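Welcome! Here is a short briefing to read alongside the sequence and the 3D view.

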Amino acid sequence: SRGTLWLKRFLEFTCDLLRRLGSDRALKVGDASNASYKQTLAPFHGWMSKTAFSVVLSFPPSTLTFVASLGGDAAYEAMSTMSS
């Protein structure tokens, strides 16, 4: 079904975002989010969805805040294993 397909696409976006952050601790959440969006979701979005996502992605949390919400250093370890 369509819902399952979009869930799969969103999970691909999430995994790509976490891989990027895990492989480069200096990368900002906003930059990683934009790159992940362009690679995973943008090809399937129309003009309106792309515009909405660009607004949402314009206000990301700091990398420190984002990673802390996932568990801090343990989250970095888990994200770095996703890269391999």
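Which residue lies over the face of Trp6? The answer is Arg9, at 4.6 Å from the ring centre. Please keep in mind that this model is predicted. The points below start with a helix and move on to rings and charges.

**Helix H1**
- Helix H1 covers residues 2-23, and its 22 residues should span 32 Å at 1.5 Å a residue; the end C-alpha atoms are 32 Å apart, which agrees.
- Several H1 residues are buried, including Arg9, Asp16, Leu17 and Leu21.

**Aromatic pairs**
- The count of aromatic pairs comes to two.
- One of them joins Phe10 and Phe13, a tilted pair with 5.9 Å centre to centre and 35° between the planes.
- Phe10 and Phe13 are three residues apart in helix H1, so about one helical turn separates them.
- Phe10 is partly exposed, with a relative accessible area of 42%, whereas Phe13 is buried at 7%.
- Tyr37 and Phe53 form a stacked pair, because their ring centres are 4.7 Å apart and their planes stand at 15°, under the 30 degrees that counts as stacked.
- This pair links distant parts of the chain: Tyr37 belongs to helix H2 (residues 29-40) and Phe53 to helix H3 (residues 47-56), 16 residues apart.
- Tyr37 is buried, with a relative accessible area of 7%, while Phe53 counts as partly exposed at 24%.

**A charge over a ring**
- The charged end of Arg25 sits over the ring of Tyr76, 4.0 Å from the ring's centre.

Note on methods. Residues are numbered from 1 along each chain as its sequence is written. This is a predicted model: local features need pLDDT of at least 70, side-chain atom pairs count only at pLDDT 80 or more; totals for chains, interfaces and linings use all residues. Side-chain values use heavy atoms; hydrogens and water are left out. Helices (H or I, at least four residues) and strands (E, at least two) are DSSP runs, numbered from the N terminus. The expected span of a helix is 1.5 Å times one less than its number of residues. Buried means under 20% relative accessible area, exposed over 50%, partly exposed in between (1.4 Å probe, protein chains only). Rings of Phe, Tyr and Trp (its six-membered ring) pair if their centres lie within 6.5 Å; planes under 30 degrees apart count as stacked, over 60 as edge-to-face and the rest as tilted. A charge sits over a ring if NZ of Lys or CZ of Arg is within 6 Å of the ring centre and within 35 degrees of the ring normal.
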